[in-house]
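Please open the structure in the viewer and follow the stops below in order. Each stop names a selection and then describes what is found there.

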Amino acid sequence: NDFGYSKTSEETEKIWDREKVLGDIVWVIRKFQPDLIVLRFPPGRGGHGHHSASGTLGVEAFGLAADKTAYPDQLQYVKTWQAKRVVINTGRWWNKDISADDEGVVAEDIGGYNKALGVSYNEMAATSRTMHKSQGFGSTGRRGEHLEYFEHVKGEEAKVSLFDGVVSDWTRTKSGQSVQGMVNKIVAEFNIQDPSTSVGALLELKAHLNKLKLDYWGPVKIAEIDKLIVDCMGLYLEAAASDYSVTPGDSVHVSFELVNRSGLKAQLRSIKCAALGANLTVDKSLGMNLKLEMDESFVLAQDKQARQPYWLEKPGTLGTYKVEDQQLIGDAENKPDLVFEVALDIEGTQHVIPVALINKRNDPVKGELYRPFVITPPVFVNLSEPIYVFASVKQKELEIVIKAGKNDVRGRLSLSVPKGWEVLNRKQTFNLREKGEELKLKVTLKAGANAENGVISVGAIIGTVGYGQSLVTIAYDHIPTQTYFPKAEAQLINVNLTKRGTHVGYIHGAGDVVPEALRNMGYEVDVLEEEGISAEQLRKYSTVVLGIRALNTNERIGFVMPTLLDYVKNGGNLVIQYNTRHRVKTEIFSPYPIKLSRDRVTEEGAEVTFLLPDHAILNTPNKITKADFDGWVQERGLYFPSEWDEKYAALLSWHDEGEEAKTGSLLATEYGKGHFIYTGISFFRELPAGVPGAYRLLANIVSYGNE
């Protein structure tokens with residue numbers, strides 16, 4: 001689980017639960033049976049703690065996977081496995097001068113050109129890396145020779161090639177010689193102009209493998225052959241539902257489309273799906289390029305349960321998901337919720353081809369779009385916010401959205417709150433006639449004087465059955481749509497907080513939720529665009545705050561900084577949150593010099609020292625104590641300045657275990673009539689997590705200099 005940046009593999013392994021994650025790696029090795037294991041990062045020195053840990057655990061798992069006394073419970077599903085060697089893909093920052101002449105190092109040219117695809121493997125890799133959208137990893141393709149270096153770690157050492165001693169054809173198995181001869185013949189006679197000419201030989205190969213009854217490679221290769229047969233015949237088999245979801249006991253309408261785009265004989269025999277009660281006997285011929293279409297309606301079995309992504313079904317820990325089904329571990333996503341078994345007679349041979357039910361629609365701009373079909377609860381309950389902070393305001397109206405997962409859903413609202421909270425107008429009902437219909441309900445929540453921080457749980461009761469799941473959809477063009485149903489709950493935080501000032505201007509950076517947090521604290525917040533940043537317009541704000549990495553991401557920030565600094569000089573309070581030193585759009589962002597660095601404190605519980613305990617930011621309007629730094633998440637802060645002008649007051653000191661003190665996380669100075677503050681404290685993480693002390697400290701920062 002992504003718990004945030006970590007400097008050391010020791011911290012990472014502790015939070016992950018070392019034995020659990022090591023067992024997962026051993027499982028994947030045993031299940032996949034790799035000949036070679038390549039470590040992307042070196043053990044103990046791979047940069048991020050997660051990277052280093054992957055190297056350390058990879059080396060250990062290399063040996064444990066072959067040890068029958070290690071994780072013996074796995075052996076009811078898989079066998080032990082010993083890969084031939086484990087190596088480090090080296091030649092980067094930790095070893096830039098490496099060459100193939102070095103001891104224990106071999107090189108491979110990965111810059112090959114695939115003539116059939118018309119693209120080099122490096123170009124293909126660049127396309128893949130560009131899909132890493134969240135990290136901004138857009139990459140330009142490279143062509144020509146490109147050597148990668150592999151340094152020996154354990155196992156049989158390679159002398160010439162990474163693949164020394166690896167047999168990758170059928171001669172590695174018993175009776176493999178006969179299989180290899182058949183494979184060679186199929187490859188040699190393959191006709192790219194008419195792939196269907198290979199189907200007969202593929203059918204013979206499949207029959208031969210079935211007779212051999214190989215324990216590992218047999219099922220793997222038979223599944224691949226089935227896919228090849230479908231591809232070579234140009235078989236198009238689709239089951240598309242009219243909607244993307246269904247609830248247990250409800251009906252689903254399915255359109256089948258089947259096309260045989262080859263001259264081979266194909267006879268559709270039946271279509272089955274037990275969960276839908278589908279058992280269609282068809283017995284129709286699929287003529288060459290003649291489309292067969294059918295429309296059928298089915299009812300989903302009442303006992304078929306709504307499914308989460310398997311790693312989200314049970315609450316996990318900070319570092320590790322909880323997965324109870326061993327055989328799911330390592331799967332990239334859930335298997336399809338509903339699958340039809342399509343029985344075909346191909347050239348006199350029986351085949352059952354799985355066809356997953358999907359939803360298909362046409363977008364007027366993007367054209368034909370697909371999304372996975374899912375089984376859902378009959379009703380969803382969504383709170384408008386994941387966290388509600390009661391600071392200067394102790395009574396709020398909460399919006400709850402009830403959404404129907406099927407037609408004719410009626411019931412009543414249910415709520416549960418921690419001790420000390422009062423819910424007004426909690427008795428409400430709903431009546432939704434159509435699937436997808438929504439109803440917004442509003443309840444008023446009051447925080448008593450001693451209201452305890454905790455969780456508000458919301459549900460919908462239909463008859464005597466309660467449902468407490470919300471609906472979350474993750475939809476981007478570059479991945480399949482993801483749907484899951486987290487608990488319908490939110491954090492309630494009652495913060496003893498005082499603030500000064502009323503209006504705050506906010507300039508967005510890379511994106512964070514600090515504006516929402518400021519509103520929770522009782523401020524009126526305006527998000528400022530460039531046209532709204534003038535001396536006259538800034539006068540209305542008691543404080544202006546720059547979002548995280550605004551100096552890195554805002555192309556025009558260099559043009560508005562002089563106006564912002566004049567705002568400070570004339571009595572304003574300017575707060576700049578963390579930026580990276582790399583790709584800063586302007587070097588002039590502070591009244592006096594500040595040098596940014598990569599200094600950060602990743603241990604969220606790191607001891608804090610008040611360097612200037614009497615400074616106003618630590619005392620006004622809220623008295624900040626060490627208790628305010630309890631319960632922080634992921635880290636203390638990041639990319640602190642390492643050098644600054646003596647006019648700045650450095651207020652806090654903290655450090656990760658074994659490191660020197662970092663004192664640049666919160667710097668403040670007077671400039672003209674106003675105040676300037678630079679902070680690398682991770683407010684963008686702490687505020688969404690509802691850390692009370694972070695709210696109190698931010699209130700003091702935003703209140704600084706205001707009466």
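**Stop one: a loop**

Select Met-288, which sits in the loop between β11 (278-285) and β12 (292-299); strands are DSSP runs of E with at least two residues, numbered from the N terminus. This is a predicted model, in which local features need pLDDT of at least 70 and side-chain atom pairs count only at pLDDT 80 or more, while totals for chains, interfaces and linings use all residues. Residues are numbered from 1 along each chain as its sequence is written, and side-chain values use heavy atoms, with hydrogens and water left out.

Met-288 counts as exposed because its relative accessibility is 57%, and exposed means over 50% (buried under 20%, partly exposed in between; 1.4 Å probe, protein chains only). Leaving aside neighbours within four places in sequence, Met-288 is in contact with Asn-260, Ser-262 and Gly-263, contact being heavy atoms within 4.5 Å.

**Stop two: the cores**

Select Phe-256 and Phe-340, the residues with the most contacts inside the largest nonpolar core, which has 47 residues. Such a core is a set of buried Ala, Val, Leu, Ile, Met, Phe, Trp, Tyr and Cys residues joined through side-chain atoms within 4.5 Å. Helix α7 (residues 217-233) contributes the most to this core, with 6 residues; helices are DSSP runs of H or I with at least four residues. Finally, select Val-389, Val-545, Val-575 and Tyr-695, which are included in a second, separate core of 45 residues.
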